[in-house]
Structures are given as C-alpha cells and as structure tokens.
Amino acid sequence: MYAAATSVALVGGEARPVRVEAHVGRQSEAFKLSGLPDTAVREAKDRVRAAVASAGIRFPNRTVTVNLAPADLPKGGTDYDLPIALGILAASKEIPPLRDAVVVGELALDGAVRAGSHAFGAGVLSARQNVPCLVATAVVGEAASIPGATAYGVASLADAVDLLRGGLGTVEPARPGAPMSEERASDLADIRGQPIARRALEVAAAGGHHLLMHGPPGSGKTMLARRIIGILPPLAIADAVETAMLWSAAGRRRGLVVTPPFRAPHHTASKAALVGGGSGNPVPGEVSLAHRGVLFLDELAEFPRSHLDTLRQPLEEGVVSVARRGSSLDFPASFQLLAATNPCPCGYFGDGRRPCECRQAILGRYRSRISGPLVDRFDLIVRVGRVEATEYSGPKGEASASVAHRVEQARAAQLERGQINRCLEADDGRESKAARRLVAMAVGNAVLTARGGDRVRRVARTIADLEGADQVEEHHVAEAVGLRGEWRDE
Amino acid sequence: MNDLRVIAPNGPDYPVGLHDLEDPPRLYVLGVTTAAPAVAVVGTRKCTRYGLNLAEAFGHALSRAGWTTVSGLARGIDAAAHRGTLQSQGRAVAILGSGVDVVYPAENTDLYRSILREGGAIMSEYPPGTRPDRWRFPARNRIIAGISSAVVVVEAGVKGGALITARLAAEMGRPVLVVPGDVDRSASVGCNLLIRDGAHPVLGVDDLLAELELILGKPPNQTPVLTGIIPSTGLAMDDLPSIWGCTPAEALARLARMEIAGEARCVGDVVLPGSG
C-alpha cells in the first residue's frame, strides 16, 4: 500500500522536485513523518487528518508513514499538506495513483486548499518536466502563466479528489493569469524643484544605474528614491516569476507582479536579513527580494561597514552566496542600488548656506563609513540640494507617467543590444570622436578617475538612449560627467 | 584692430558725466563709447583674497544687471572688477593713467585685450605712448569718478587712489558705496573711514544692486543674461537650469564642460568658478 506524489522545494530560489512518499501499513493507527521536515511540515499531520475528515473521506486507521525525499533537501512551509493528503489517499486506494503531477497547497481544517508560497515553483516544475500541476484555485493563474506549464486549480481537498478520480485529461487546464501591477502610490509630480536630482533619477531608471544621492536632511532624497518604481519599466514575465520564486523561498507571496520590487531595509537590519541566511534552510535576504528591482539603502552611512561590504559580491556578480552547513548556496541578487545619505552627521557639510557643525574627527569617521570601493559602484552620484521655501509652492514637477515613457523607450533600445547599460563592460564603438575626446580630457584633467571614465561612458550611453540617439555624442558624455559628482572631494 | 579716436569735450560722443569736472579733458579712446550709465568699482592694489572675490562678484553682478562698469586696469581690485564684468560678457571701461596703447601693469595685457574684444573701451586723457608715471594716476581717478554714475569702493587703504576717487565722486554728487571691513585690516581702513564720513555701506551683491536701483533707477536696458559664467560667490547647482534657461540635462553638460576646462568646480551643491 504505497503511493507517491511530487511536490516542490525552493533551493536558492530554484524549484527542485520533492518526492512525497506515503505508505499505509498494517499495524495499529499511527502517523509518522520523516525527511527533514520543519515545524510547519510536521504540523501537516494534524491538518491533513482534519481536512481528510472534513472532505468526507475515511482516514486510514493504520500506520501511515510519509517520507519527503530527498532527505537532505530542507523542506519548510505548509505547501506539502495537499501532496501529503493526496499521497495517503492514493496509498489507501481512495484515489488513482498520482503519477507525475506536481502538487502544492496548504490545507485548512475544513478541507479548503489555501494558496501557499510555492505555486510558481509548481508551475516551473510542471513546465520543465512536462507534467501537470495542482495548486490552489486562488493562485492557479500564477502557475499557469509560466510558459509550458499545465496547471489545475483546486478549491478544496474534495475538489482535488474529484479531479483525480475523473482523470486530469478530461478537464481543461487553467489559463495564464493576468500580470498585476502595484499601484503607483506616489508620483514624481509631487516633487517640486530638484531639477538635477530628478534628471539623475530618470537616467538611473533608464540604464538601471546605481545612484547615490547625498544632501542635507529634508531635501527629499527618500521621496525621490521611492518614486523610481513609478518610472521603471515593468518586469518581463520571466523576471517577475524569478522574483516571485525568491519571495516564495523567503516565505512571502508576491504573485505575478510585474512592478519591479522595491526593498528598503533599515540600517539596523542584520546581515542575514540583508544578504540572506538563517539557521536551517537558508532564506533569501533583502538583496534577493530586490532581485530585478531596486534596493534602497536610506542613511547609507548608518549601515555598519561590514554589512555594506557584503553587498560587493551581489553588486559585481548578481548573485549572493549564503553559507550553509559546509557548503554555500547561491541566491540571485541582481538589483539596482539606490542609496541616500546625509553628507555628515549634522547634515550640512557642503551646504552653501549653512555651516557644518561637525567636528573634523567625527566628520572623517562618518564619511569613511562609505568605502571607496562601494562609492565606485555608483554610476551616478548627485547632490540633492535644499529646497527653498519658495519652491514648495512652485509648479508641480513632471508626472511619473511621462518620465516612464522616456525610460521605457531607452530600455527598449538597450534590450535590443542585449543588456542594460549598467552591465555594459566596454564601449560598443558607437561613440563619436568628440565624445571620446571629452572622456579623455576629463580623465586627463583629473575631473574623473580612469574607472570613473568607464562609468561615464555607460551613463552617456543611457543618456543617448533617452534621446533616441544611436551614437554617443559629446553632449551625452558631458552630461554624464555632470551626473557623476564626487563624494570625497567636498 | 581698434581705431584710436580723440573725443573733445564738445564732441557728440563725449561722456556727459565728465562735464561735471572743472577741467573736462580731451579723451583718447579705443573701443566703443556709449551713453549707457556706468558704475565704477575701485579699490587698492594691496587687496585681500576676499576683496578680489568680492570685486569680481560685483563686476559680474553689475554687468548682468545692465550696468557698464568702470575701473582703472590696475592690479588687484581694479583688475578683478574688470574680470568679473568680462565673465558675464558685460561692457567694461578702463581709464588709464598712461597712453591707451601702453598697458600697465603688463600682467593685465590679456584683460586689456578682452575688454576691447567684448565691446568695452579703453580711455585716457594722455596721448598714445605716454608712460605710466605715478603722478598721473590721481588725475586719472577724477575721470573714473566723473564718468561714473556711482562709485563702489571694495577695499581701500588709508592713502591711495581709491580713496581719492571716492572723495572726488562725492564732491561731484555721485553716490559712493563702500564695503565695510575689519577695523584692523589695512586694506579696509580707508573703506571704514568713508563709511564714517557718510558713504553707504554695501552688505553684499544684492544689497549693492538694490541700493543702486534705489538711487539711480533701473539700468536702461538689461543686457541679456549670459550663460556659462559662474560668479565667485557661486551658484546653487539646482538653480543652473533656470539661470541658464536650459534643461537640467543641458545644464549638467555645460557644467561638466566648464569643469573639464577648469572654469568651474563644485563644492557641495555650490558651483564656483574654477582655478580660484
């Protein structure tokens, strides 16, 4: 009396098959669960028993043994309820064998199937292995949206039993769900003045460039940063799925959201919260939740230096390695870094109108928190100046929607070339002579470092894309130089 | 090249203000003469860095507001005032104590050429070739005072041409505006004396412009605001697009070019002229 179902585990944001083996023995009544289950999985026993009863099906009063294989794969969450229940029912011949169908879903005590966090994972496996998958009706659109997946939605355990008794082939699979967008809560039109910072934000959004904003408190750095979401182009479906999988691995449901994620961890966040980790099954950190989106570090200089140094690997490689029992696990973490900082503890260093009151030693310590190598990652560094009282009542700024339109066109040009400009390594030979000369002059006159020259080239490419220009011209480079203010040279 | 002209007191181009002098002299002129009202910015040669910055800012602001500026092409304050004017591509008039073809000091040759190139004028009462003898300079100062509608003294010692210019101007009923300074700084002693005697203390660029407008009215025609020039008092980076009348993108590009050319530098959110 043995049967098996397939389910999903998320390892490093990747879907791996889990075999749910069920055996109904002849001994007296017992329910055993093995295969590295976490607490939530262990508690599945009680939910499964109750749900089966609620569905009006007899739970076998024998020894029930459930094993989740492979045993070395850590399994967590409530998504194994449904495969465990169906496995047991198949083993006790209540339903036909499940064959290869991938099953995920949490069971309520009344037998209803709730959406767990693994629907996307089930869809991915379904597509990869060309097998059907069963998920909660509420999220079946998400699983079905993965190209090649065959997904069936079930509202309750009884539903699932009926479906399997009737045979999967007799029913139409679900249609792909419509991608969702998060509402643009805040609009760039709310920001008055700040022409330079607004432009920097637009260029950053267009090329995916990392942007550092510094300026006195209350100048609107945070307001600006939060509004980047409204001007970024929507994610491709594949990217939205990739991101949702990482969120699932962190135990959060994201759904098929094409709005890029925006994560703003506080500077008191632990290293594990930032880059991922944790005991047992490592979970992705903020850098991975921001995958394909934006990681915003407000008060950058308040983050412990050791935390900031851990950002270097994801910034360079787009993945983050999380140590895990003798080996390490890679989570995707390709994000756009936005950071804001006061120039000094009092906030007025470099302000033309108000003196800085920080002592020299404190000032030096504060500014050295942001290491040179980290500063080097920012393609764009802008000073966000204080807004004069008169500007508060000034005309509204340009709305996000019209900026987003330009950004989207610039992105399209980049994707045609194959990659976004943030990742551009060398120039593609489409620079005018004058543009090259200006870069050389800027480096020669020590306005830029050699590395700064490369960054300026990347940004100039984005500015050209925003203009719809095929070739990078001198004025694109000039603006790029202007957008790369120095952090140290104040 | 500019043609040398001689303008007699009864000639049509003769500066009206010079008729207030007891002995209106014949003028040798290189460049363009206009009837536009002029403001003199004068000061000592032994000035401070502070004085230089201020003179340059005054020259810049005055010409942007539409005034022609007048000074003596001397070292120090005079040169800085001319320089500030030229930075905003304004009209500068230099009154020499030598012949109009004799540049003294020689270090100001570039400045001399720029004044002519930008549509300003070089004037002197001495015939071409006249050497710059010390005794001629006080006489030159009466022309500066006379030709100007107001005189601004940036820094002046207890003796010196600037103080003479100021007193002559006051005698002719010209407003005298003076920058106050530290009581123990030699370059400001003369200024403070003038203020004690009733000159108007200048508290800054805006104060200067406001006071001039109050006394003399608005300058006749506002010269177009010229772009790409940074006054030594600096500009806020976020103001550049509106000052230069361009998009933020263009402002950034222009600023970067100036930075690369050494004409501007950014300190915090303030843009200052380069080299300094």
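The contact between the two chains takes 25 residues from chain A and 20 residues from chain B, where two residues are in contact if their C-beta atoms, placed from the backbone, lie within 7 Å. On the side of chain A that touches chain B, the helices α7 (195-207), α18 (433-444) and α20 (474-482) of chain A each supply at least two residues, and the largest share, five residues, comes from α20(A). By class, that side of chain A has nine nonpolar, ten polar and six charged residues; here Ala, Val, Leu, Ile, Met, Phe, Trp, Tyr, Cys and Pro count as nonpolar, Asp, Glu, Lys and Arg as charged, and the others, Gly among them, as polar.

This is a predicted model, in which local features need pLDDT of at least 70 and side-chain atom pairs count only at pLDDT 80 or more, while totals for chains, interfaces and linings use all residues. Residues are numbered from 1 along each chain as its sequence is written, and chains are lettered from A and ligands numbered from 1 in the order in which they are written.

## The two chains

The table sets out the make-up of each chain. Helices (H or I, at least four residues) and strands (E, at least two) are DSSP runs, numbered from the N terminus. A residue is buried if 20 or more other C-beta atoms lie within 10 Å of its own, exposed if 12 or fewer, and partly exposed in between, with C-beta atoms placed from the backbone.

| Chain | Secondary structure | Buried residues |
|---|---|---|
| Chain A | 20 helices and 18 strands | 51% of 490 residues |
| Chain B | nine helices and twelve strands | 53% of 276 residues |

Among contacts between residues at least 6 apart in sequence, 72% in chain A join residues at least 24 apart, and in chain B the value is 70%.

## Sheets and strands

In chain A, five strands form an open sheet in the order β11-β14-β17-β10-β18, with parallel pairing; two strands pair if DSSP finds at least two bridges between them. The edge strands of this sheet are β11 (262-263) and β18 (380-383) of chain A, each of which pairs on one side only. Within the sheet, four bridges join β14 (residues 294-297) to β17 (residues 336-341) of chain A, and the bridge partner of Val294(A) in β17(A) is Gln336(A). Helix α7(A) packs on the sheet, touching β10 (211-214) and β18 of chain A, and its direction makes about 165° with that of β18(A); axes are lines fitted to C-alpha atoms, for helices over the stretch in contact, and angles run from 0 to 180 degrees between N-to-C directions.

Elsewhere in chain A, strand β3 (residues 30-34) is hardly covered, since the count of buried residues among its five residues is zero. β3(A) pairs in the parallel sense with β4 (residues 63-69) of chain A over five bridges, and Ala30(A) stands opposite Thr63(A) in β4(A).

In chain B, nine strands form an open sheet of mixed pairing in the order β1-β2-β6-β5-β4-β3-β7-β8-β9. β1 (5-7) and β9 (200-201) of chain B stand at the edges, each with a single partner strand, so one side of each is left without a neighbour in the sheet. Strand β8 (residues 176-178) of chain B pairs with β9(B) in the parallel sense over two bridges, and Leu177(B) stands opposite His200(B) in β9(B). Helix α6 (residues 186-196) of chain B packs on this sheet, touching β7, β8 and β9 of chain B, and its direction makes about 130° with that of β8(B).

## Helices and cores

Helix α9 (residues 237-249) of chain A has 13 residues and reaches 18 Å from its first C-alpha to its last, close to the 18 Å expected at 1.5 Å a residue; the expected span is 1.5 Å times one less than the number of residues. Its buried residues include Ala240(A), Met245(A) and Trp247(A), and just after α9(A), Gly251(A) takes a positive phi of about 80°. In chain B, 15 of the 17 residues of helix α1 (residues 49-65) are buried, and α1(B) is followed by Gly66(B), whose phi is positive, near 115°.

A nonpolar core is a set of buried Ala, Val, Leu, Ile, Met, Phe, Trp, Tyr and Cys residues joined through C-beta atoms within 7 Å. Of the 162 residues in the largest nonpolar core, Ala85(A), Val135(A) and Ala143(A) touch the most other members. A second, separate core of 69 residues includes Leu54(B), Ala57(B), Ala65(B) and Val178(B).
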